[in-house]
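Please consider the structure shown below.

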Amino acid sequence: MGDPREPPEGVPEGGSGNEDEYRSVVFDESFVRAARIQELSARERLSGGFGRATRPRIGLGALGTVPRQAVALLLLIVVAFAAAVYFGISSPGRPGAEPVGSQLTVSLVALSPTSPVQPVADPAAPFVGLPAGYTDGSAGLGVPAGAATAHYTRVEVTRALDTAQRYLVASALAPRTLVQGVTTDVRSFVTTGEQVQFDQSVTSPRDDQHHAATGWMVRFDPSKIALAADTVKVAGTMRIDEAENGALQITTDHTFVYALRAADGPATGPVTLLSVRRELRMEFDRGDIAVAQLRLVDAVVQTGPTACGTPQTTFLQPIMATPGGTAPPAPPAVDPADRAAPAWQQCGVLAAP
């Protein structure tokens, strides 16, 4: 009998009789998967799809037929689009990048009197003897009209001025800040890039030119000092320009006069006038303006009557008037060759009233 695997007519002449002669036309498995077809369903045939009895199967295997150049071009387009979105969000047109770390530099200058501190003559009218030019509260801040700068519109400048004014009120005029120990009102105006420095200045103040709480705000120890009058007298100016880094810059220079009394004394006790000059430099970029925040860059604070050598970083500590009081020691002479103390620690002589 013949081999059952052979055709009835026998092996074709010249043939090998095995499957070797068909190997040249055998397709690999990936090709077959990509080329699979599927017959139309009965519903598809009834709906009019008579022109073809099958439809191509499209699956992941079909991707193998996409040229590598096309895949590379697609990836290049995706990367270019992502870059465009990134640079659109962090637009270089916004001047002044958000800084991080310590930004505020503080200088505290104590002004020591040369004679005993005298209480005001009339506690009910403590500011009677002030020279002309002082005004009650925020009216004395001298906020200028908003005007456009080279890179900021009038509206942007006006908004920045409003933020600066509200910061000055919160940090130097509000009783919550002055004698109630509240710091959150001031903190709300500080940008996120400076809030860590602000918190460190409040929780662990020190005289290192960066972490004095009194650089950010005027505050007195509530256990020692109370306000003898709700009014604070103010005189000063505000100036607008642009910083070298492109930020909008507002420089404020004000003298605040406070009527103070001892917190543990009677409400009719002696009243002391304390003068505090604050020269502040604030910067704003467009993001700061939009959220009503500022970056406090420099703060120079002069306060008197204050004793030289008394720490002023946590609270301002004025010399309170007492009947029959004595004058504090005169400020020491400054020797430039003496480098035992930091150069920024200064003390001056308070001018006679």
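Predicted model: local features only at pLDDT ≥ 70, side-chain atom pairs only at ≥ 80, totals over all residues.

Of its 27 lining residues, Ala 341, Pro 342, Gln 345, Gln 346 and Cys 347 are the closest to its centre. A pocket here is an open set of points on a 1 Å grid over the protein atoms alone, where a 1.4 Å probe fits, with protein on both sides within 12 Å along at least five of seven lines; lining residues have an atom within 4 Å of a point.

Residues are numbered from 1 along each chain as its sequence is written, and side-chain values use heavy atoms, with hydrogens and water left out.

Strand 3 (105-112) and strand 10 (346-349) are the elements that give two or more residues to the lining; strands are DSSP runs (E, at least two residues) numbered from the N terminus. Strand 3 provides the largest share, three residues.

Strand 3 is itself mostly covered, with seven of its eight residues buried (under 20% relative accessible area, 1.4 Å probe, protein chains only). Strand 3 pairs in the parallel sense with strand 9 (residues 295-304) over six bridges, pairing requiring at least two DSSP bridges; here Val 106 stands opposite Ala 299. Strand 3 also pairs with strand 10, again in the parallel sense, over four bridges, and Val 109 stands opposite Gln 346.

Key. Buried < 20%, exposed > 50% of the residue type's maximum accessible area, 1.4 Å probe, protein only.
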